Each structure stands twice: as structure tokens, then as C-alpha cells.
Amino acid sequence: MSWVLAGGLAVIAFLGAAFVLKAPRKGWEAIAAALLLGLTGYALQGSPGLPAAPKAPEQKVEGNDVALVEARRALDGKVGPAGDNFLVIGDALARNGQYADAAGVMLGAVEKNQKNGEAWLAIANALTSHADGQLTPASLFAFQRAADADPTHPGPPFFLGLALAQSGRLAEARNLWTNLLQRTPADAPWRTDLEQRLQQLDAIIARQQGLPGQP
């Protein structure tokens, strides 16, 4: 019942913002993304069936937070700090493992520009990292918006493939990366890294399938 109530409140909040407060139509998707972020946090951290109790401090998610941000910016071909203040602050939070805060801040960038593919991708990565590398409805939504903003950009399929692999969905990750490699120019700076990741993924899949010749 608690999940139904939470979902109902989210719908009421969206309708209130859209029709009662008369938020501009171009901001509706950003409002929906913010509500999805809230529901994701509730799903990850909420325990509606348990009595109230003091919450233990959360441990920092393991992983190379700086490398994730830098890899995203490298795929954009950018050097130096981001030009958007929301992204500057969001990236700084993500580098320190504050993923939920990072995603919340970067929602400001997509509220300002719904077609900001870099911001949508940064939000998707932050939400995925916040969920310990697992894909959630909110992160999938953000990945899709990033891909819609620029269908030719390598970032969304690269990082979605990484998230799929981390989630154990190896075949889906391989299909995504194979398609990306096929349309990647031979001189693209990220091509070698993508090829190596595909080889590693193939080796893991082969071991799981028990194919001969694999260590």
C-alpha cells in the first residue's frame, strides 16, 4: 500500500505543478524526472514495512568517481570545466560520490534546456552510480533523453552498455557496444578503449558459457 501511496502522491504533485501552479509545458519533463528521482530514492532507501528507527550513516559507493566524470567529458571531446554552472556543481558532487545530490543539481540544466544531452547523460550516470551500478527507471529515462538529444553521440550507448554490464545483462551490453563500434570512426580517440572493453566482455561471456580455450 505504501508504494501505491507514494506513486499516487507523485502523480498528484505532477498534476499540481503542471495545472494548478501552471508550470510551463517545456518544464514538465524536468518535473517528471525530479519526481522519478524521488521515487527511485524511496525505492532504494525506504523500508515502509519497518518501524521508524535511527538510520545508520550511509557508506560511500565504491568506484572511481573522478574517472566516470572525466570519461563522459572525454567522449564529448571537452577539456577543462563544463560551461554550464549546473554541470560544474553536479560534476563536483559526482566526483565526491554524492550522486543523488549531483543528479538533483543537474536537473536544473535540463529544465533550462530540455535538449541538453550532456546534462541528461550526466544525470543518468549519477542515478546509476547512486543505485550501486544498477539501472533504475529514472536512469533509463535519463539515458533515453540523452540519446534523443543527439542520436549520433557515443556517450549514451557507451555508458548504458557499461551499466548493463555492471547489472549482469552482458548480452545486451555486448549488442549495444557492438553497434556503437560499427559506427565509430577508425580514428575516434575512444575506439581502442571500446574495442578492449568488448574483448573483455566477450571473455566473460565465454567463461560463463563454459566455452573451451578460456581461462
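Reading from the N terminus, the elements run α-α-α-α-α-α-α-α-α-α, and the chain has 10 helices and zero strands. Helices here are DSSP runs of H or I with at least four residues, strands are runs of E with at least two, and both are numbered from the N terminus. This is a predicted model, so a few ground rules apply: local features need pLDDT of at least 70, side-chain atom pairs count only at pLDDT 80 or more, and totals for chains, interfaces and linings use all residues. Residues are numbered from 1 along each chain as its sequence is written, and side-chain values use heavy atoms, with hydrogens and water left out.

**The chain overall**

- Of the 215 residues, 40% count as buried, where buried means under 20% relative accessible area, exposed means over 50%, and partly exposed is in between (1.4 Å probe, protein chains only).
- The accessible surface comes to about 12200 Å², and 60% of that belongs to carbon and sulfur atoms; the areas come from the Shrake-Rupley method with a 1.4 Å probe, and for residues only the protein chains shown count as cover.
- Take the contacts (heavy atoms within 4.5 Å) between residues at least 6 apart in sequence: 55% of them join residues at least 24 apart.

**The nonpolar core**

- A nonpolar core is a set of buried Ala, Val, Leu, Ile, Met, Phe, Trp, Tyr and Cys residues joined through side-chain atoms within 4.5 Å.
- The largest one has 40 residues, and the members touching the most others are Met106, Ile123, Phe143, Phe158, Phe159 and Trp177.
- Two or more residues each come from helix H3 (65–75), helix H4 (85–95), H5, H6, helix H7 (137–149), helix H8 (155–166), helix H9 (170–182) and helix H10 (191–209).
- H6 supplies the largest share of this core, with eight residues.
- In soluble globular proteins, nonpolar side chains tend to be buried together.

- Asn116 sits in the loop between H5 and helix H6 (117–130), and it is buried, with a relative accessible area of 14%.
- Not counting residues up to four places away in sequence, Asn116 touches Asp84, Ala109 and Val110.
- Ala122, in helix H6, counts as buried at 3% relative accessibility.
- Beyond its neighbours within four places in sequence, Ala122 is in contact with Arg72, Leu87 and Met106.

**Aromatic pairs**

- Rings of Phe, Tyr and Trp (its six-membered ring) pair if their centres lie within 6.5 Å; planes under 30 degrees apart are stacked, over 60 edge-to-face, and the rest tilted.
- That rule gives three aromatic pairs.
- One of them is Trp120 with Phe141, edge-to-face at 5.6 Å centre to centre and 80° between the planes.
- This pair links distant parts of the chain, with Trp120 in helix H6 and Phe141 in helix H7, 21 residues apart.
- Trp120 is buried at 0% relative accessible area, whereas Phe141 is partly exposed at 26%.
- Phe158 and Phe159 have ring centres 5.1 Å apart and planes at 90°, so they too are edge-to-face.
- Both are buried: Phe158 at 6% and Phe159 at 3%.
- Phe158, Phe159 and Trp177 make up one aromatic cluster.
- Leaving aside neighbours within four places in sequence, Phe159 also contacts Leu68, Ala71, Arg72, Leu75, Leu121, Asn125 and Phe143.

**H10**

- H10 has 19 residues and reaches 27 Å from first C-alpha to last, close to the 27 Å expected at 1.5 Å a residue.
- Leu194, Leu198, Leu201, Ile205 and Ala206 are its buried residues.
- They cover an arc of only 135° around the axis, which puts them on the same side of H10; the arc is that of the directions from the helix axis to the C-beta atoms.
- The buried residues of H10 pack against H8 and H9, while the face turned away from the buried side carries the exposed Gln199 and Gln200.
- After H10 comes Gly210, with a positive phi near 70°.

Notes:
Expected span 1.5 Å × (residues − 1).
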